[in-house]
Amino acid sequence: MATARGSRENRFLVWGGRGWIAGHLEKLLKSQGKEVFTTTVRMEDREAVKTELDAIKPTHVLNCAGCTGRPNVDWCEDHKEDTVRSNVIGTLNLADCCFVAGIHCTVFATGCIYHYDDAHPIGGPGFKETDPTNFTGSFYSETKGHVEEIIKYYANCLILRLRMPVSDDLHPRNFVTKISKYERVVDIPNSNTILTDLLPASVLLAEHNDTGVYNFTNPGAISHNEVLTLFRDIVRPGFTWKNFTVEEQAKVIKAGRSNCLLDTEKLETKLREYNYSVPEVHEAYKKCFERMRAAGVK
Ligand SMILES: NC(=O)c1ccc[n+]([C@@H]2O[C@H](COP(=O)([O-])OP(=O)(O)OC[C@H]3O[C@@H](n4cnc5c(N)ncnc54)[C@H](OP(=O)(O)O)[C@@H]3O)[C@@H](O)[C@H]2O)c1
């Protein structure tokens, strides 16, 4: 994308500055010696967004803000207006203000807008970026699916669909931390995003002013039991867990949860242009857990 600011150095502004992924991104950009700012300005407040963009004058906004619900997405079922204001109005408003100001906008979106169906069964082909969304079992996913349908028309936007992100620590938002603490866990193959592999790719894509929608996960799908087996073998010897069925799970959660495989061919092809590759998900988990073990995480 051509920006009004021509050839000056990149200046990154991370939105949702106190969030989990935002923190990882800020740390990564700093470690790469990039100029990075963060903000917690509410995305739906158009005047405040314009003032912030004008004050910081970023070349790139990295939008890590979003209503994710606490303790989990079930919260969104009972707070629909709050969820819409952040995930639809806010996300669109920020993208639009960036568009008007000639700023590239990367949206950290979600792939939890699909679930396995007859054309995409477990073990079959994954969902491509062009496939229409088919999961509205949670209001959180519904808002994310709606906003993507509109935001994809903005020529300044790069939309990265993450799924079940995993960090190299046991932060409460890490997918592994979550499933290791559940009393019972389902066992379904899914696409996952190992942040150590994918966050550098997000910077590469943004720096090249790439736009459009990308499934943003490691290639392949891994089941909950496969993840927990690797976790037990590498990080926490003796760890045990109990499974239950999706039907039993439905009784203890308010909103449905998406389970799917995303096709990563588009992402892998693009990243090859930049000599960057993302490891297959089982391999990626092994490396991630080895980093955890080396750091003394138990
Ligand atoms: N973690 C996951 O499982 C996952 C998976 C796929 C995609 N994503 C997406 O990735 C993004 C970052 O996720 P995360 O895990 O880092 O979530 P997080 O820790 O909950 O961080 C999100 C941040 O966004 C802020 N925020 C919410 N609404 C806002 C608004 N209207 N304007 C400005 N800031 C707002 C929150 O601040 P307040 O707390 O003050 O509201 C919070 O600091 C989200 O959009 C999420 O939907 C996450």
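Reader: Is N10 buried, partly exposed or exposed, and why?
Author: In this predicted model, N10 is partly exposed because 18 other C-beta atoms lie within 10 Å.

Reader: Where does N10 lie?
Author: N10 belongs to the segment before β1.

Reader: Which residues is N10 in contact with, apart from its neighbours in sequence?
Author: Leaving aside neighbours within four places in sequence, the contacts of N10 are K34, E35, T59, H60 and E207.

Reader: And how many Å separate N10 and H120?
Author: Their C-alpha atoms are 40 Å apart in space, and the two residues are 110 residues apart in sequence.

Reader: Let us turn to the sheet. In what order do the six strands come?
Author: The order is β2-β1-β3-β4-β5-β6, in an open sheet with parallel pairing. The edge strands, β2 (35-39) and β6 (212-215), each pair on one side only. On average, neighbouring strands of this sheet are turned by 20° against each other, direction ignored.

Reader: What holds paired strands together in general?
Author: Strands of a sheet pair through backbone hydrogen bonds, in either a parallel or an antiparallel way.

Reader: How many bridges are there between β1 and β3?
Author: Strand β1 (residues 11-15) and strand β3 (residues 60-63) pair in the parallel sense over four bridges. One of the residues involved is F12, whose bridge partner in β3 is H60.

Reader: Which helix packs on the sheet?
Author: Helix α5 (residues 139-151) packs there, touching β4, β5 (157-162) and β6. The direction of α5 makes about 150° with that of β4.

Reader: How is β4 joined to β3 and to β5?
Author: β3 and β4 run parallel and are joined by four bridges; L62 has T106 as its bridge partner in β4. β4 and β5 also pair in the parallel sense, over six bridges, and V107 stands opposite I159 in β5.

Reader: Why is β4 described as largely enclosed by the rest of the structure?
Author: Seven of the seven residues of β4 are buried, so the strand is largely enclosed. Both of its faces are covered.

Reader: Which residues have the most contacts inside the largest nonpolar core?
Author: They are V14, W15, C64, L94, V107 and L160, in a core of 68 residues. A second, separate core has six residues, including V73, C76, F139 and A255.

Reader: What is C64 in contact with?
Author: Beyond its neighbours within four places in sequence, C64 is in contact with V14, W15, G16, G19, I21, A22, L25 and F108.

Reader: Now the ligand. Which residues come nearest to the ligand?
Author: Of the 23 residues around the ligand, the nearest are G16, G19, I21, A65 and G66. The elements giving two or more residues to this shell are α1 (20-31), α4 (80-101) and β4 (104-110). The largest share, three residues, comes from α1.

Reader: What does the shell look like by class?
Author: The shell has 11 nonpolar, seven polar and five charged residues.

Reader: Where is the cis peptide bond?
Author: The cis bond joins R70 and P71, with omega at about 5°. P71 is placed in the loop between β3 and α3 (74-77).

Reader: Which residues other than glycine have a positive phi?
Author: Among them are K57, with phi near 50°, and N275, with phi of about 55°. K57 is in the loop between α2 and β3, while N275 is in the loop between α10 (265-272) and α11 (281-294).

Reader: Are K57 and N275 exposed or partly exposed, and why?
Author: K57 is partly exposed because 13 other C-beta atoms lie within 10 Å. N275 is exposed because its number of other C-beta atoms within 10 Å is 7.

Technical notes:
Residues are numbered from 1 along each chain as its sequence is written. This is a predicted model: local features need pLDDT of at least 70, side-chain atom pairs count only at pLDDT 80 or more; totals for chains, interfaces and linings use all residues. A nonpolar core is a set of buried Ala, Val, Leu, Ile, Met, Phe, Trp, Tyr and Cys residues joined through C-beta atoms within 7 Å. A residue is buried if 20 or more other C-beta atoms lie within 10 Å of its own, exposed if 12 or fewer, and partly exposed in between; C-beta atoms are placed from the backbone. Two residues are in contact if their C-beta atoms, placed from the backbone, lie within 7 Å. A residue is near a molecule or strand if its C-beta atom, placed from the backbone, lies within 6 Å of it. Ala, Val, Leu, Ile, Met, Phe, Trp, Tyr, Cys and Pro count as nonpolar, Asp, Glu, Lys and Arg as charged, and the others, Gly among them, as polar. Two strands pair if DSSP finds at least two bridges between them. Axes are lines fitted to C-alpha atoms, for helices over the stretch in contact, and angles run from 0 to 180 degrees between N-to-C directions.
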